[in-house]
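Have the viewer open as you read.

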Amino acid sequence: MNWQTLQSWLSKLHPDTWSGALTLAVLFWMGGLILSWVMRRAIRLIMERDRDQRIDRMAASFLSKVASVFVWIVILMLYAHMIPALDRLGTALLASVSVASIVIGLAAQSTLANFVAGLSLIFYRPFSLGDRVQINAPSGLETGVVEDVSLGYTVLQTFDNRRVVISNSVISNTVMVNLTAVHPRVMAIVPFSISYDSDIDKARAVALELAEAHEQVEETVACPVMQLGASSVDMSLRVWCADPAIAAGVKYDLTERIKKRFDAEGIEIPYAYQNVIVKSLPVSPGSDKSEQKDEDSQ
């Protein structure tokens, strides 16, 4: 390749021509892809070397997304500055930048609110990636593991393998319970009722025996009487489990085992029923009372 060939190639990259502007756009686009890949790769290597978990994974993931957006904004600004037509257009738009900023701010206020809420989640750190949280979402109480925190949304993976996507602004303005912030162990509470004729001590002994025999129960706490209901004695079995996911399964399993064992032991579980009192029955044709009524009428 001689000097004349190089000059011919450089002449094609002149930003005043359409071919040069298009070629520069491709080069800037490739440069942005390379920079984004290098940045993500560097962050991934840093996370792999951080075996002591000194760097917050959620903060690193969120800041990598912010840095990627910043890289593309810088590339677009440099490209617009190199192209004379775009540079003049940008200078002309500066006169109306205040109006444009107001319009864009009003149109994207929810997006900006999610972005600012995401920054507050990173700085205040109410939860981290992998934590199990309970959130009062618009769809109701949702419990799941924090899977990802993006610029605008947080993704929870529930125990039934659903992906619940909640905006960061909703999370920042709602009540949230972090179930694994201090200790993952959770108490499973199994409520049940017996009739007033049943033996309370026998029912308690059966429930505690089933809890101690369960393979996923770490510790049995107690089984107190909670209240005396209108037609039942309400009790509550309380046990410790390793984490919230296991606690939910233990609760369902012990409820079924208690029902089957109570049936075998003759311990009555009350249920609602009604007594119907019939004061008079209608007289059917052909009955003795109907014949007597006919004779009286004659």
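Leaving aside neighbours within four places in sequence, which residues is Ile 194 in contact with?

## Around Ile 194

With contact meaning heavy atoms within 4.5 Å, the partners of Ile 194 include Ile 200, Ala 203, Val 233, Met 235, Phe 262 and Pro 270. Asp 199, Ser 232, Ile 267 and Glu 268 are also on that list.

## What you're looking at

This is a predicted model, where local features need pLDDT of at least 70 and side-chain atom pairs count only at pLDDT 80 or more, while totals for chains, interfaces and linings use all residues. Residues are numbered from 1 along each chain as its sequence is written, and side-chain values use heavy atoms, leaving out hydrogens and water.

## The cores

A nonpolar core here is a set of buried Ala, Val, Leu, Ile, Met, Phe, Trp, Tyr and Cys residues joined through side-chain atoms within 4.5 Å; buried means under 20% relative accessible area, exposed over 50%, and partly exposed in between (1.4 Å probe, protein chains only). The largest one has 23 residues, and Ile 194 is among those touching the most other members, as are Phe 192 and Phe 262. A separate core of 13 residues includes Leu 121 and Ile 166.

## Salt bridges

Counting a side-chain nitrogen of Lys or Arg within 4 Å of a carboxyl oxygen of Asp or Glu, the whole structure has 11 salt bridges. One of them pairs Arg 162 with Glu 142 (3.1 Å, N to O). Glu 142 is buried at 9%, whereas Arg 162 is partly exposed at 36%.
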